Amino acid sequence: MKLVVTIDRCEGHGRCYDACPEVFEPDVEGYAVVRDVLVEDGTELAARVRHAALGCPERAIAVVVAVAG
Amino acid sequence: MSVSEDVALADEKSSTPWSELHYDHRSSKVAVDPWDLWRTLRAECPVLFSDRYGGMWFVSRHEDVNRILVEWETFSAAQGTNIPDQGMPLLPIDSDPPLHRQYRSIINPALAPQRVAEHASWIRAEAIRQLDKLDGRTEFDLVHDYCEAYAKRVALRVIGFAEQDLDKLDHWTHILSTGPRDDENGAIVFGEFYAFLRETLVQRSTEPGSDDLITLVVQGDVGGRQLTIEEQTSMLMLLTFGGLHTTGNVLAGALIWLSSHPEDRHALTAKPELMSTAIDEFVRFVSPVTHMRRTTARDTEIGGCPIPAGERILFGIGSANHDERVFDQPDDVVLDRYPNPHFGFGAGPHRCIGSHLGKLAVRIGLEEFMARYRAFEADHNEIRYEGGEGRHIAACPMTVVAR
């Protein structure tokens, strides 16, 4: 199952794209956006996405497992 | 109630009558050694009224500071973000969304991390140049001779000032940051500073083409309207304050910590991947900007304490960054601390616009200093601090052994 990663009210601290640049990247102003990559739950990458979300000082990143179908 | 009864009542609750504290964030006590006071206030009086500067509420807990930073609809920046007031509103920080974001977008792209990274090689060369100047010396002042000399030149160049302007800018920003700026001398210094910035902007508007922040400000617009010269001057003033009085302090505080913690020095050298968390940890630990202000835009409460609209709220970034409710070992540097929800760069819409540049400059400054010296020792008895919005490390004699 894949993860759905969303960012709400990013303020551009940049902690997420430092911690997990495979999934997060800065836009032209430095605010974070989620890259268009598939993240399978249970993988090492999924663990790194959750780690990055934990580090957000705005608590702006939500990581949920997609409902199948 | 008489004063003696008041004190007696307070004594029943704790040993200190908090109403008698007259908390002053610009006092030497808060500049030199605020930690015990802040810890006690967090525990016993996390929302404290002070009669200083015409009256203000000092908020010291992380949870409450977080809300003040993020909840901009209640805690407005548009009436000013300093106590006492600066000589004019500083943009974009002294404004609220959505206008605030329009001002920010003028500068944001140039300070986004991918653009900041392009400066790394000359920033490193600047650190090496400053260290080369100290060649052969075994003692110098860490703050003046290295950290500030280096960090201020980095800021100066990114903003777009000439190097020979540094002494003047340093003089003005120092007085307005740490001195009693709400007096006659403050007004004179502010006038000189303002005139210089305005002249710099007018001059740049006739000779565009430089790749720096001054050029962006000159060319900037909000909602299709070009910035007025007053808006431009205001933005340049804030960039100058923010650039000149923060980064060098984090670097100095980090090197002072590392001088007395060789195990951390070795860890950073052996495992450079620690740098990412370590830099944020140094920003938290040092907290160069310790206090900022908002004004309540409506009736609210903070930590259960009712606060009416129109009150000035002084919030303790330094205190929040050392709040034991959030951080284990809050008064120690923990190189791999994670998560690290510090407010050294603020939070919410006003997050420090130069945070990515500041972090890069601290990192390079640390790397080059540690590469140059195999041992270094700060004289802890001779470290001097100055107060203001920040807690400024003003001097620190350092003894070094070159590699």
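**Exercise 1.** Which residues does B:Asn249 touch, not counting residues up to four places away in sequence?

*Solution.* Keep in mind that we are working with a predicted model.
- Step 1: B:Asn249 sits in helix H13 of chain B, which covers residues 247-260.
- Step 2: List its partners. With residues up to four places away in sequence set aside, B:Asn249 touches B:Glu148, B:Val286, B:Pro288, B:Arg391, B:His392 and B:Ile393.
- Step 3: Look for a polar atom pair. A polar atom of the B:Asn249 side chain lies 2.7 Å from the backbone nitrogen of B:Ile393.

**Exercise 2.** Decide whether B:Asn249 is buried or exposed.

*Solution.* 
- Step 1: Recall the cut-off, which is under 20% relative accessible area for a buried residue.
- Step 2: Apply it. B:Asn249 has a relative accessibility of 1%, so it counts as buried.

**Exercise 3.** Now turn to chain A and describe its build.

*Solution.* 
- Step 1: Count the elements. Chain A holds 2 helices and 4 strands, and from the N terminus their order is β-α-β-β-α-β.
- Step 2: The C-alpha trace of chain A spans about 35 × 20 × 20 Å along its principal axes.
- Step 3: Look at burial. Of the 69 residues in chain A, 41% are buried.

**Exercise 4.** How many positive and negative side chains does chain A have?

*Solution.* 
- Step 1: Chain A carries 7 positive and 12 negative side chains.
- Step 2: Compare their placement. The centres of the two sets are 5 Å apart.

Definitions and conventions
Residues are numbered from 1 along each chain as its sequence is written. Chains are lettered from A and ligands numbered from 1 in the order in which they are written. This is a predicted model: local features need pLDDT of at least 70, side-chain atom pairs count only at pLDDT 80 or more; totals for chains, interfaces and linings use all residues. Side-chain values use heavy atoms; hydrogens and water are left out. Buried means under 20% relative accessible area, exposed over 50%, partly exposed in between (1.4 Å probe, protein chains only). Lys and Arg count as positive and Asp and Glu as negative; His and the chain ends are not counted. The place of a charge is taken as NZ of Lys, CZ of Arg, CG of Asp or CD of Glu. A polar contact is a pair of N or O atoms within 3.5 Å; within protein, one must be able to donate a hydrogen and the other to accept it, and residues adjacent in sequence count only if both atoms are side-chain atoms. Contact means heavy atoms within 4.5 Å.
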